[in-house]
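Student: I would like to learn how to read local features from a structure. Can we go through some of them one by one?

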Amino acid sequence: MEEHMPQNIPGHLRDLGWLHLLLGQREKARTYLEKAAQAPGSPLASLEAKMLLAHLEGDAEALGRLVVQAELWETQNLVEKGRALLAGLKGDPAPLEGLSGFFPSLTRALLQKDPGLLPPYPESREERLFWHAARYRLLRKEGDLEALLALTDAKEGILPGLLPLESLPRKRPELSRAYPLLDLLRLGWKEAIALRLPEIPPLKVQVVGRFHVENPLGPVELRGKAKEVFALLLLRLPREEVAFALWPDIPEAAALNNLYVWLARLRKLLEPWGVPTYLGEEGLVRVTSDLEALEEVLVQEDAEEVLRLYQEPLFPGLDHPHLDRKREEVFHRVRNLFLKRREPRFLERLLELDPLDEEALIPLVESCLSQGQRARARKLLEHYRKRLWAELGEKPSPRVEALFRTL
């Protein structure tokens with residue numbers, strides 16, 4: 001149509017935006033409405049798109065200005081629709097004064113919570129959707145809900161644009177399928193969440209350089225024993241071993257009981273929506289962690305990725321023998337890989353991690369000498385010698401002294 005009927009483009013874009021609003025697809029709606037607002041050829045269609053955008057953004061001031069523009073065009077239907085949107089946004093029926101059309105009457109009934117103010121049953125299918133939705137919100141009669149579902153082949157897909165999630169009957173969790181998953185998790189509707197469990201994103205965990213846990217609703221703050229339990233579970237330790245590691249001085253049954261108490265507390269933090277998602281019988285599931293990513297690239301001997309991912313400390317803020325062993329294991333794997341590569345940037349990183357690592361120092365100095373960087377080589381050796389004496393009261397090895405003599 002852009003070539004032959006460009007004047008129709010704004011109206012079609014507006015209608016597509018409106019359709020996606022009805023389906024609760026706000027981002028898709030915004031895309032089409034923004035295009036309609038800018039498209040030339042039909043000022044009224046563009047104006048309506050701008051009104052819908054302002055309502056979508058919750059901008060009552062901008063919507064009010066657009067309604068005034070609609071009044072200058074003397075288009076009653078657009079004025080009524082705009083004032084109904086404005087009244088709904090403000091939660092105030094004042095903008096509806098003197099108006100008796102379908103949308104003003106519908107909005108007035110909702111704002112005043114009076115089904116007696118609903119307009120007569122409409123003829124158009126679109127208006128019937130809004131009428132049944134408003135009547136259901138006021139009276140909670142499932143007949144109106146069934147009528148809504150029968151009016152369009154979108155079935156429950158039409159509900160997010162017409163009804164708040166919390167208004168759906170709890171015995172019908174399948175009706176929530178089209179609503180945003182995050183809204184469902186915030187509401188904590190367990191039966192509905194269970195139906196969409198595969199959609200829930202994995203738990204994001206960072207323990208390399210910082211300790212940060214994040215579920216789909218945002219950061220999860222773990223403290224004290226909960227943090228320790230989580231860290232040991234992340235190491236894939238069996239529950240019995242976690243219990244013994246945390247409470248080694250009490251009987252096994254008592255230690256396991258303590259662990260179950262903390263697992264229950266941990267579950268409330270990780271899964272506040274009340275449906276088991278990340279804590280299973282065997283430990284943590286559906287988790288992505290930077291430690292796991294680091295260990296994968298270590299197996300692949302991808303030194304570049306290891307250089308990017310590895311930071312210290314590992315499991316910051318926690319002190320436990322199991323975690324100490326993991327720190328040592330990961331560090332030695334990183335060190336062995338970097339020493340194997342023998343490239344300056346990897347050796348420099350090792351010296352940042354351990355300034356007294358002679359095995360990293362010597363090949364780095366030799367590399368500097370091979371490139372004629374004698375001043376840098378001397379600086380590295382002098383720094384090492386001073387630090388070795390300051391921290392350990394020791395002199396360099398014969399090999400390091402030989403490099404000094406070479407310089």
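Tutor: Start with rings. Rings of Phe, Tyr and Trp count as a pair if their centres lie within 6.5 Å, and planes over 60 degrees apart make the pair edge-to-face. Keep in mind that this is a predicted model.

Student: How many aromatic pairs does the structure hold?

Tutor: There are 7 aromatic pairs. Take Phe102 and Phe103: the ring centres are 5.2 Å apart and the planes stand at 80°, so this pair is edge-to-face.

Student: Are Phe102 and Phe103 buried or exposed?

Tutor: Buried means under 20% relative accessible area. Phe102 has a relative accessible area of 13% and is buried. Phe103 is buried too, with 18%.

Student: Which residues do ring pairs link into a cluster?

Tutor: The cluster consists of Trp18, Phe102, Phe103 and Phe130. Trp18 also has a charge over its ring: the charged end of Lys81 sits there, 4.1 Å from the ring centre. A second case of a charge over a ring is Arg170, whose charged end lies 4.5 Å from the centre of the ring of Trp189.

Student: Next, strands. Which way do the side chains point along E1?

Tutor: They alternate along E1.

Student: Which strands does E1 pair with, and in what sense, parallel or antiparallel?

Tutor: Read each pairing by its bridges. With strand E6 (residues 287-289), E1 pairs in the parallel sense over 3 bridges, and Thr288 in E6 is the bridge partner of Lys204. With strand E2 (residues 212-215), E1 runs antiparallel and is joined by 3 bridges; there, His212 is the bridge partner of Gln206.

Student: What should I look at between E1 and E2 in the hairpin?

Tutor: Look at the backbone angles. The hairpin has 5 residues between the strands, and Gly209 takes a positive phi near 90°.

Student: Why is H11 described as largely enclosed by the rest of the structure?

Tutor: Count its buried residues. In H11 (residues 224-234), 8 of the 11 residues are buried, so the helix is largely enclosed by the rest of the structure. Among the buried residues are Lys227, Phe230 and Leu234.

Student: Now a single side chain. Where is Arg196, and is it buried or exposed?

Tutor: Arg196 lies in the loop between helix H10 (190-195) and strand E1 (203-206). Its relative accessibility is 5%, so Arg196 counts as buried.

Student: Which backbone oxygens does the side chain of Arg196 reach?

Tutor: For polar contacts, check the distance between the atoms. The side chain of Arg196 reaches the backbone oxygen of Ser176 at 2.9 Å, and a polar atom of that side chain lies 3.3 Å from the backbone oxygen of Arg177. Leaving aside residues up to four places away in sequence, Arg196 touches several residues, including Tyr179, Pro180 and Leu184.

Student: One more loop residue, please. Where is Glu343, and how accessible is it?

Tutor: Glu343 is in the loop between helix H16 (321-341) and helix H17 (344-353). With a relative accessible area of 23%, Glu343 is partly exposed. The C-alpha atom of Glu343 is separated by 8.6 Å from that of Pro363, 20 residues apart along the chain.

Technical notes: Residues numbered from 1 in each chain as written. Predicted model: local features only at pLDDT ≥ 70, side-chain atom pairs only at ≥ 80, totals over all residues. Heavy atoms only, no water. Helix = DSSP H or I, 4+ residues; strand = E, 2+ residues; numbered from the N terminus. Buried < 20%, exposed > 50% of the residue type's maximum accessible area, 1.4 Å probe, protein only. Polar contact = N/O pair within 3.5 Å; in protein donor to acceptor, adjacent residues only side chain to side chain. Contact = heavy atoms within 4.5 Å. Phe/Tyr/Trp six-rings, centres within 6.5 Å; stacked < 30°, edge-to-face > 60°. Lys NZ or Arg CZ within 6 Å of the ring centre and 35° of its normal. Pairing = 2+ DSSP bridges.
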